[in-house]
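Visitor: Please take me through this model one feature at a time, giving the cut-off behind each term as it comes up.

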Amino acid sequence: MSRDDAINHVSDFFDTGTFQAQLAELVAYPTESQKPDSGPQLYRYLQDAMQPRLERAGFSCEIFDNPASNGGPILVGERIEGDDLPTVLTYGHGDVIRAQHGQWREGLHPFKLVREGDRLYGRGTADNKGQHLINIVALETVLAERGSLGFNVKIVIETSEETGSAGLAEFFTQNRDRLAADVLIASDGPRLQPDTPTMFMGSRGGISFDLTLDLRDGAHHSGNWGGLLADPAMILAHALASISDARGQIQIEEWRPTSLTDDIRAALKGLPVSEGDGPEVNADWGEESLTPAERVYGWNSFAVLAMTSGVPDAPVNAISSSARATCQLRYVVGTEPEDILPALRRHLDRHGFDAVKIIPHERGFFRATRLDPDHPWVGYVRDSLTRTAGDPPHVLPNLAGSLPNDSFAEILGLPTVWVPHSYRGCSQHAPNEHVLRPLCRDALRVMAGLFWDIGEVPPPR
């Protein structure tokens, strides 16, 4: 019975094909939370796939209806070994993004696991079924080797993350005492590089909205009316150009954060953002004075997700009556969430675009969070991952994307450490989603080592 035994055990679990078989079972559940009729599948995932497994590992489980009418069920499991032991809260989400049937490459299917070389394809392999399966298997492995974990574990599996974690904040507020813990250790998002573990302690927040301009009823002949009627597409394009310049630098002062401090810069120094799979990073895009790592992890980014005016697929010789742009701001700690849209309104009005309307999206988004990189739990997890992997992990102050970390950090008051088990080229939220087999094997090993250490060496409390 040793740490090495646990790591060897979980390696064998992967090498014999058991991990792949169990991931295939989870992928087969079509848990598309964005579909209005997904409720039965979301309950099935918790009742049939999660609850029996956790109960076999000594967890007491309960499945709750979501307090929000548009949210899916939430499972809470607890394995309490002693009141004097540290308590780890972990988390995963069983829902997936829309399957996008018919858009996957030939031979692939969103809800059938397919192996091609070192890749395992299927919806949820990366986001997030494969990731919480890895953590559950690592806990089971330590339990099998030691006979106990040596610490308490609470687990939350929600089914609404892909719709903004509807109801999660309210559920946490109602169940603060039940979910009390010393730390959150969970997994979502990508590693910076597939062969090096990554850890991050928060996430950027996000908000999306439409900018619309409606000038008149119907379109009018561009020959008869061109030069006489204002063009809404042109006006909206200028409004967008006032928000960021030609290289994407944000021009709204309230959207420019003040939280990129020297310690955050030091944490980001040297981190790779352009190696590996994915598109080539544009060196001349974004805030000119910042490094690429600072731009994506320490700064805000504004994006136009879609634009339309007229009928793009069948244009006619007419001046459009309206134009619309769907926009998004990803923001870091130091940006006031409640002032994002009011600041935009003030900016547009100052620049003469008072006719442009701002329409917030109903979809919930997560607030920005960040744990101090010098927090004791950060050092503890970093040291454990280094011991298993042989080299230090990449340590990010926060993820560039968004997660419901605000519910853990602000409502439950927990230090939060995320150890992701995917990589940036995984096609998350797109057709052909997949995970890398070597990365999954490595992730099983580092998590088994981490959970072994928590039960053996007293962590910070």
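Visitor: Which residue is the bridge partner of E116 in β5?
Guide: This is a predicted model, in which local features need pLDDT of at least 70 and side-chain atom pairs count only at pLDDT 80 or more, while totals for chains, interfaces and linings use all residues. Residues are numbered from 1 along each chain as its sequence is written, and side-chain values use heavy atoms, with hydrogens and water left out. Strands (DSSP runs of E, at least two residues; helices are runs of H or I, at least four, and both are numbered from the N terminus) count as paired if DSSP finds at least two bridges between them. β4 and β5 (residues 119–121) run antiparallel and are joined by three bridges, and in β5 the partner of E116 is R119.

Visitor: By what average angle are neighbouring strands of that sheet turned against each other?
Guide: The sheet is open and antiparallel, with three strands in the order β4-β5-β21. β4 (114–116) and β21 (434–436) are the edge strands, each pairing on one side only. With axes fitted as lines to C-alpha atoms (for helices over the stretch in contact) and angles taken from 0 to 180 degrees between N-to-C directions, the average between neighbouring strands, direction ignored, is 25°.

Visitor: At what angle to β21 does helix α13 run?
Guide: Helix α13 comprises residues 437–456 and lies across β4, β5 and β21. Its angle to β21 is about 65°.

Visitor: Which strands stand at the edges of the four-stranded sheet?
Guide: That sheet is open and antiparallel, in the order β13-β15-β11-β16. Two of its strands have a single partner each, so one side of each is left without a neighbour in the sheet; these are β13 (301–308) and β16 (357–360).

Visitor: What angle does helix α7 make with β15?
Guide: The antiparallel pairing of β13 with β15 (residues 322–331) runs over seven bridges, with T308 opposite R324 and M307 opposite A325. Helix α7 (residues 232–243) packs on this sheet, touching β11 (205–214), β13 and β15 (contact means heavy atoms within 4.5 Å), and its direction makes with that of β15 an angle of about 15°.

Visitor: How many of the residues of β15 are buried?
Guide: β15 also runs antiparallel to β11, through 10 bridges, one of which pairs G206 with R330. Taking buried as under 20% relative accessible area, exposed as over 50% and partly exposed as in between (1.4 Å probe, protein chains only), β15 is mostly covered, the buried share of its 10 residues being seven.

Visitor: Which residue of β19 stands opposite I185?
Guide: In β7 (residues 183–186), V183 and I185 point one way, L184 and A186 the other, and all are buried. In a regular strand the side chains alternate between the two faces of the sheet. β7 pairs in the parallel sense with β3 (residues 87–93) over two bridges, with L89 opposite L184. The pairing with β19 (residues 416–418) is also parallel, over three bridges, and there the residue opposite I185 is V417.

Visitor: How far apart are the C-alpha atoms of P376 and P459?
Guide: P376 is found in helix α11 (residues 376–389) and, at 48% relative accessibility, counts as partly exposed. P459 is 83 residues away along the chain, yet the C-alpha separation is 8.5 Å.
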